[in-house]
Amino acid sequence: MPSSNLSKAAQEILSDDLSIVRVDAAKEQISLVEKRREKEYNLKRRRIFKVVIAALILTFASVGIVLLTSVSNDDSTSNNGDNNNNDDNNNSNNNPNNDKQDKNTAFPSDLPTHSPALSSSPTPASSTSKYPSQSPSLFGSSQPTSQWYAAMSSIISPHVLSQDKIHDSSTPQGLAFDWIVETDNWTRDVFGETSTILLNLGSDDHNLIVQRYICSLIYFSSNGDGWTNSSNWLTDINVCKWYGVSCKKQIVNDLALNENSLKKQIPSEIYELTRLSNLNLHSNSLTGLIPSTIGLITSLSNLTLHHNNFDYQIFPEEICLLKTSNSGFVDLTADCSDSDSIVCDCCTACY
């Protein structure tokens with residue numbers, strides 16, 4: 001066999017070996033990512049358990065205070081009634097002539113004189129009226145109750161990479177949390193008005209709340225107030241009817257906000273939209289780094305990020321590994337045509 005043919009055969013074998021090595025490496029990386037996610041999930045479950053226990057303790061403490069207050073008011077009312085009866089007895093003993101007159105006039109005079117004593121009976125109504133004001137009613141006042149706040153925190157915080165940020169109103173994570181807890185009425189209207197109902201919901205219902213939070217986080221992270229079209233965003237309707245959002249069985253699977261004047265950054269928590277198939281964010285003014293967490297969205301088939309202002313960077317390896325291992329991931333674009341732009345060896349198209 002000619003030496004040239006041997007060389008070609010060797011090159012083909014070497015190329016096949018390299019492909020196998022790359023696939024094995026990709027599988028190993030995916031396995032590591034899955035193990036890391038499982039570890040993070042277990043940690044999140046522990047945190048959720050602690051928050052739920054704290055919420056239950058607060059609830060029982062509030063109910064105990066209400067009951068003690070009610071009993072105290074009832075006791076004071078009964079004491080006042082006894083004092084009034086004693087006063088009446090003393091007056092009758094001191095004025096025997098009045099008793100004679102009462103006997104002569106019989107019942108007509110008795111009814112008016114004793115009915116004012118019954119006027120003290122409405123006082124228990126004032127004590128019972130305090131109970132609703134102390135109960136864990138969700139929207140009885142303009143501010144959410146501590147139980148409602150704790151319940152929402154226990155549902156949302158495990159899905160935020162830096163959990164402290166949801167309590168910091170200067171961050172997009174904090175702004176989104178404040179909006180969904182204090183302003184948004186959708187959760188109350190759909191699931192109920194108490195923190196107890198909220199905590200007893202199933203995982204599917206919790207996922208609906210989380211995806212609503214993530215969508216609002218995208219809004220606050222990318223200057224939603226300046227979008228070209230923000231129809232229905234941050235309104236009391238299902239996220240599936242927000243502009244650019246499409247759903248399948250109430251789960252977000254398509255986010256098309258291209259050519260919509262998005263600025264600032266893509267939040268890393270976007271990977272919590274776990275059923276995303278199409279993520280089209282091209283032709284905006286997004287900056288910063290492309291979140292590597294997008295590589296955790298295993299359902300992706302299209303990711304378009306070109307014509308933005310992202311920082312110079314090597315395209316996240318996690319996204320490239322996802323594309324290598326997922327044959328359904330067919331479209332991946334970025335600004336990678338120039339030497340001073342993004343370096344992306346796995347992109348299907350560079351601009």
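Reply: Gladly. This is a predicted model. Start with the aromatic cluster: W179, Y219, F220, W227, W233 and W242 belong to one. The structure holds seven aromatic pairs.

Me: Why is the pair of W179 and W242 called edge-to-face?

Reply: Look at the distance, then the angle. Ring centres must lie within 6.5 Å to pair, and planes over 60 degrees apart count as edge-to-face. The centres of W179 and W242 are 6.2 Å apart and their planes stand at 70°, so the pair is edge-to-face.

Me: What makes it a link between distant parts of the chain?

Reply: The positions do. W179 is in helix α7, residues 172-183. W242 is in the loop between α10 (203-221) and β1 (245-248). The two are 63 residues apart. Both W179 and W242 are buried.

Me: How do you know that Y219 and F220 form an edge-to-face pair?

Reply: Use the cut-offs of 6.5 Å and 60 degrees again. Y219 and F220 are 5.6 Å apart, centre to centre, with 85° between the planes. That pair is edge-to-face.

Me: Why does Y219 count as buried?

Reply: Buried means under 20% relative accessible area. Y219 has 8% relative accessibility, so Y219 counts as buried.

Me: Where is the salt bridge, and what makes it one?

Reply: The structure holds one salt bridge. The side chains of D184 and R212 meet there, at 2.7 Å from N to O. The limit is 4 Å, so this pair qualifies.

Me: Which parts does that pair tie together?

Reply: D184 lies in the loop between α7 and α8 (186-191), and R212 lies in helix α10. The pair therefore ties together parts that are 28 residues apart in sequence. D184 is buried, and R212 is buried too.

Me: Now the strands. What is the order in the open sheet?

Reply: There are six strands, in the order β1-β2-β4-β6-β7-β8. The pairing is mixed. In the chain as a whole there are eleven helices and eight strands.

Me: Why do β1 and β8 stand at the edges?

Reply: Each has a single partner strand, so one side of each is left without a neighbour in the sheet. Strand β8 covers 349-350.

Me: How do you know that β1 and β2 pair?

Reply: Count the bridges. At least two are needed. β1 and β2 (residues 251-256) have four, in the antiparallel sense. S246 stands opposite D254 in β2. K248 has I251 in β2 as its bridge partner. The hairpin of β1 and β2 has two residues between the strands, and K249 takes a positive phi near 55° there.

Me: What makes β2 and β4 a pair?

Reply: Bridges again, with at least two required. Three bridges join β2 to β4 (residues 278-280), and these strands run parallel. D254 has N278 in β4 as its bridge partner.

Me: Is F310 buried or exposed?

Reply: The limit for buried is under 20%. F310 has a relative accessible area of 11%, so F310 is buried. F310 lies in the loop between β6 (302-304) and α11 (317-325).

Me: Which residues is F310 in contact with?

Reply: Leave aside its neighbours within four places in sequence. F310 is then in contact with I266, L286, T287, G288, L289, I290, L305 and I342. The C-alpha atoms of F310 and L289 are separated by 6.0 Å, although these residues are 21 apart along the chain.

Me: Why is F49 called exposed?

Reply: Exposed means over 50% relative accessible area. F49 has 56%, so F49 is exposed. F49 is found in helix α1, residues 3-94.

Me: Which residues form the nonpolar patch on the surface?

Reply: F49, I53, L56, I57 and F60 form the patch. Together they have about 540 Å² of accessible area.

Me: How many residues does the chain have, and what share is buried?

Reply: The chain has 351 residues, and 36% of them are buried. Its accessible surface comes to about 20100 Å², with 52% belonging to carbon and sulfur atoms.

Conventions. Residues are numbered from 1 along each chain as its sequence is written. This is a predicted model: local features need pLDDT of at least 70, side-chain atom pairs count only at pLDDT 80 or more; totals for chains, interfaces and linings use all residues. Side-chain values use heavy atoms; hydrogens and water are left out. Buried means under 20% relative accessible area, exposed over 50%, partly exposed in between (1.4 Å probe, protein chains only). Accessible areas come from the Shrake-Rupley method with a 1.4 Å probe; for residues, only the protein chains shown count as cover. Rings of Phe, Tyr and Trp (its six-membered ring) pair if their centres lie within 6.5 Å; planes under 30 degrees apart count as stacked, over 60 as edge-to-face and the rest as tilted. Patches are made of residues with over 30% relative accessible area and no salt bridge: like charges are joined within 9 Å, nonpolar side chains (Val, Leu, Ile, Met, Phe, Trp, Tyr) within 5 Å. Contact means heavy atoms within 4.5 Å.
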